[in-house]
Amino acid sequence: MEIRLWRELLVPYELAVKELVMKFNQLKKEHKEKDLYCPIEQVSGRVKSINSILEKMQRKNVSWDELEEKIEDIAGIRVICQFYEDIEIVADIIRRRSDMKVLEIKDYLTHTKASGYRSYHMIIAYHTETLEGKKEIRAEIQIRTLAMNFWATIEHSLQYKYKGNMPPHLTERLSRAADSILQLDEEMSSVRNEVMDAQNSMIHESNVVADILNNIENLYHYSNKREVAKIQDEFYRIYQTKNLENLERFHRELDIIAEGYRAQALTFELDGKS
């Protein structure tokens, strides 16, 4: 029998997971920087354990030659959303990306599993660059809400404990819990717009505060320290009022002041060189 070099086999998958998690987190960052609501709440990834791969190969009667083609979730990415509606938004983002090619959709939202499991799975082709060159691997992206993920985590643990032979009373209780999760997601969707407005406001305020403090720090390096101290005291006074309009007005005024100091500093620098 040919020797299986598992470590060598899994290297591209480990690399793909790291890259994909980084890319989805970058999407979160870009949304925040642009004061936009982000449909992605959390991102995680994992490479399937060798034990899990062997179990799945045995269960699905997959040969060694078919391993990388038929075991599509060796690399797994999980994207968690706050709201049901966000799942389709994330799926559309993935469809439009040039670095990921969607090969297959497994819609367990429309076609809920008998257990009550609900999630949206996308099998993608993704290229990694290793020491051996470019390699295309398959990865599974699971997209679900926070509530769906809570249920799925519990169900997975119980399935593992009972090796797929869960007692009927637990199966029934999980089924009822899945119905409750569905109702929770529907209820949360009804307040989605209000939550999005609140979160966008929080993100905007955070960005304004960061810009103000960055301006104050820059002023410290090329202007009167006493004046900068007064500006900083004024910022803290306004910040304590929790009035976003006043904070935005201070931000605009500080931009003008900072621009004046920058122009003045540039003039001195040019005069010094002439």
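Predicted model: local features only at pLDDT ≥ 70, side-chain atom pairs only at ≥ 80, totals over all residues.
Helix packing is considered at the outset. Two packed helices are described by the angle between their axes and the distance between the axes. Helix H5, which covers residues 146–162, packs with H6 at an angle of about 170 degrees, and the two axes are 9 Å apart. H5 is thus roughly antiparallel to H6, because angles over 145 degrees are placed in that class. The crossing of these two helices, H5 and H6, is left-handed. For H7 and H8 the packing angle is about 165 degrees, with the axes 9 Å apart. H7 and H8 are therefore roughly antiparallel to each other as well. Their crossing, that of H7 and H8, is left-handed.

Helix H6 spans residues 168–190 and contains Met-188. Met-188 belongs to a nonpolar patch on the surface, which is formed with Leu-184 and Val-191. Together the three residues of this patch have about 210 Å² of accessible area.

Helix H7 runs over residues 192–222 and includes Val-195. With a relative accessible area of 24%, Val-195 is partly exposed. Between Val-195 and Thr-241 there are 46 residues of separation in sequence, and the C-alpha to C-alpha distance is 23 Å.

Charged side chains were examined next. Side chains of opposite charge can pair when their charged atoms come close. In this model the count comes to 16 salt bridges. One of them joins Lys-70 to Glu-66, with the closest N and O atoms 3.1 Å apart. Both partners are partly exposed: Lys-70 has a relative accessible area of 43%, and the value for Glu-66 is 24%.

A salt bridge is also formed by Arg-138 and Glu-72, for which the closest N and O atoms are 3.5 Å apart. This pair links distant parts of the chain, the two residues being 66 residues apart. Arg-138 is in strand E5, residues 133–145, whereas Glu-72 is in the loop between helix H3 (67–70) and strand E2 (75–81). The two partners fall into separate accessibility classes. Arg-138 counts as partly exposed at 27% relative accessibility. Glu-72 counts as buried because its relative accessibility is 14%, and the limit for a buried residue is under 20%.

In the salt bridge between Glu-88 and Arg-95, the closest N and O atoms are 2.9 Å apart. Glu-88 is partly exposed, with a relative accessible area of 43%. Arg-95 is partly exposed too, at 36%. Salt bridges also link Arg-46, Lys-48, Lys-56 and Asp-73 in a network.

Asp-35 is located in the loop between helix H1 (6–33) and strand E1 (42–47). Although Asp-35 is not a glycine, its phi is positive, near 60 degrees. The relative accessibility of Asp-35 is 26%, so this residue counts as partly exposed.

Lys-242 lies in the loop between helix H8 (225–240) and helix H9 (244–273). The phi of Lys-242 is about 60 degrees, again a positive value in a residue that is not a glycine. Lys-242 counts as exposed because its relative accessibility is 59%, and exposed residues are those over 50%.

Ser-98 is found in the loop that connects helix H4 (84–96) and strand E3 (101–107). At 80% relative accessibility, Ser-98 counts as exposed. Ser-98 and Tyr-126 are 28 residues apart along the chain, and their C-alpha atoms are separated by 9.9 Å.

Notes: Residues numbered from 1 in each chain as written. Heavy atoms only, no water. Helix = DSSP H or I, 4+ residues; strand = E, 2+ residues; numbered from the N terminus. Buried < 20%, exposed > 50% of the residue type's maximum accessible area, 1.4 Å probe, protein only. Patch = residues over 30% accessible without salt bridge, like charges linked within 9 Å, V, L, I, M, F, W, Y side chains within 5 Å. Areas by Shrake-Rupley, 256 points an atom, 1.4 Å probe, with all protein chains shown as cover. Salt bridge = Lys/Arg side-chain N within 4 Å of Asp/Glu carboxyl O. Axes fitted to C-alpha atoms, helices over the stretch in contact; angles between N-to-C directions. Parallel < 35°, antiparallel > 145°, perpendicular 65-115°, else oblique. Left-handed = near helix turned anticlockwise from the far one by under 90°.
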